[in-house]
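Here are some notes to read alongside the model. Have a look at the structure first, and then we can go through it point by point.

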Amino acid sequence: MTLTAVDTRVSDREAALADLEDESIHILREVVATFDRPVLLFSGGKDSIVMLRLAEKAYWPGRIPFPVMHVDTGHNFDEVIEFRDRRVAELGVQLVVASVQESIDSGRVSERPGQSRNPLQTVTLLDAIAEHRFTAVLGGARRDEEKARAKERVFSVRDEFGRWDPRNQRPELWDLYNGRHRAGEHVRVFPLSNWTELDVWGYIRREEIEVPSIYYAHRREVVRRDGMLIAVTPFTPPFESEEVHVETVRYRTVGDATCTGAVRSEASTVDEVVDEVAASTLTERGATRADDRASEAAMEDRKREGYF
């Protein structure tokens with residue numbers, strides 16, 4: 001039988017996904033072999049959902065040998081929190097919720113009226129790492145998302161203050177990772193570093209992974225704000241000058257509702273989402289995250305302070 005050009009492309013994509021899966025599982029196993037107290041950041045978003053599936057495979061037939069943690073701003077999409085709690089219960093893993101609201105109440109951070117809580121997550125995250133003495137923090141960040149994240153190594157050392165220095169990165173040759181760290185330091189680990197948004201959705205399709213419903217097209221009340229479609233929620237009420245209208249939208253990324261925009265879309269199935277992502281010329285953060293638009297170096301500045 002002769003393979004067509006389409007068959008060859010599909011075969012190549014499947015082979016590439018298999019290679020990415022193998023690499024990520026290798027990284028996950030290296031973490032457990034190297035660190036005594038790892039934790040996986042789990043928000044209920046697509047990347048952390050894929051991370052959980054990879055962790056299931058990495059340690060099967062045993063259970064996932066570390067807790068998962070959500071740094072919770074309190075300004076969430078209901079669909080995502082429902083999914084987070086249900087998925088954690090299904091897997092029987094421990095969920096640690098690091099609350100930004102508790103950081104505000106205790107005076108660790110100050111909330112500014114009308115401003116997103118997203119920047120406040122850094123203090124909450126670092127406090128939770130110190131409290132639980134986590135030595136490795138697994139995150140779902142990918143290099144294709146944003147230029148500061150493109151600078152990250154897979155094993156990224158943070159100093160005793162949780163800070164990242166892009167000039168102090170260790171070489172990673174032949175999939176050899178260096179997890180050595182001093183007391184008080186910890187390592188951020190990114191098993192999805194070499195994946196793209198299209199790879200993530202291709203894997204979701206291949207593995208038939210459930211994701212929160214807001215990743216697919218649905219009708220929602222929105223306002224046009226800062227060039228984005230912002231959902232009308234208790235945390236994002238419309239301004240007097242804004243007109244509320246109903247759009248068919250979906251979310252390419254989920255996070256704090258105050259700074260995460262929707263995109264117009266009719267993609268209601270995983271195949272339609274894959275086709276839509278394949279045709280997109282903007283990354284999901286570039287298209288829908290207001291917190292990355294503060295400056296050219298917004299993400300790098302936050303990462304230097306200890307952000308994800």
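1. Which residues are exposed on the other side of H8? They are Asp275, Ala278 and Ala279, where exposed means over 50% relative accessible area, buried under 20% and partly exposed in between (1.4 Å probe, protein chains only). The buried residues of helix H8, which spans residues 270-279, are Val273, Val274 and Val277. Seen down the axis, these buried residues fall within an arc of 100 degrees, so they line one face of H8; the arc is taken from the directions from the helix axis to the C-beta atoms. An α-helix has 3.6 residues a turn, so residues three or four places apart point the same way. The cover over the buried residues of H8 includes helix H7 (197-207) and E9.

2. A word on conventions. This is a predicted model, in which local features need pLDDT of at least 70 and side-chain atom pairs count only at pLDDT 80 or more, while totals for chains, interfaces and linings use all residues. Residues are numbered from 1 along each chain as its sequence is written, and side-chain values use heavy atoms, with hydrogens and water left out.

3. Now the overall picture. The protein has 10 helices and 10 strands, which are DSSP runs numbered from the N terminus (helices: H or I, at least four residues; strands: E, at least two). Of its 308 residues, 53% count as buried. Among contacts (heavy atoms within 4.5 Å) with a separation of 6 or more, 72% come from residues 24 or more positions apart.

4. On to the interior. A nonpolar core here is a set of buried Ala, Val, Leu, Ile, Met, Phe, Trp, Tyr and Cys residues joined through side-chain atoms within 4.5 Å. The largest one has 57 residues, and Phe155, Val189, Trp195 and Trp201 have the most contacts inside it. Helix H2 (residues 46-59) gives the most to this core, with eight residues. Apart from it lies another core, of 12 residues, with Val71, Ala128, Phe134 and Val137 among them.

5. Tryptophan 201 deserves a look of its own. Leaving aside neighbours within four places in sequence, Trp201 is in contact with Lys46, Val211, Tyr215, Tyr216, Arg250, Val270, Val273, Val274 and Val277.

6. Next, the aromatic pairs. The whole structure holds seven of them; rings of Phe, Tyr and Trp (its six-membered ring) pair if their centres lie within 6.5 Å, and planes under 30 degrees apart count as stacked, over 60 as edge-to-face and the rest as tilted. The pair of phenylalanine 77 and tyrosine 251 is tilted, because the ring centres are 4.8 Å apart and the planes stand at 55 degrees. Phenylalanine 77 lies in the loop between strand E2 (68-72) and helix H3 (78-91), and tyrosine 251 in the loop between strand E9 (245-250) and strand E10 (263-264), so the pair ties together parts that are 174 residues apart in sequence. Both phenylalanine 77 and tyrosine 251 are buried.

7. Tryptophan 195 and tyrosine 203 form an edge-to-face pair, 5.3 Å centre to centre with 85 degrees between the planes, and both residues are buried. Phe35, Phe155 and Tyr177 are linked into a cluster by ring pairs. Arginine 225 lies over the face of phenylalanine 239, 4.0 Å from the ring centre; the test for a charge over a ring is NZ of Lys or CZ of Arg within 6 Å of the centre and within 35 degrees of the ring normal.

8. Glutamate 145 sits in the loop between strand E4 (136-138) and helix H6 (147-150). At 7% relative accessibility, glutamate 145 counts as buried. A polar atom of its side chain lies 2.6 Å from the backbone nitrogen of arginine 142.

9. Last, the backbone. Most residues other than glycine have a negative phi, and most peptide bonds are trans. The bond from tryptophan 60 to proline 61 is cis, with omega near 10 degrees, and proline 61 is in the loop between H2 and E2. Glutamate 208 has a positive phi, near 55 degrees, and counts as exposed at 71% relative accessibility. Aspartate 226 also has phi near 55 degrees and is exposed, at 62%.

Methods:
A polar contact is a pair of N or O atoms within 3.5 Å; within protein, one must be able to donate a hydrogen and the other to accept it, and residues adjacent in sequence count only if both atoms are side-chain atoms.
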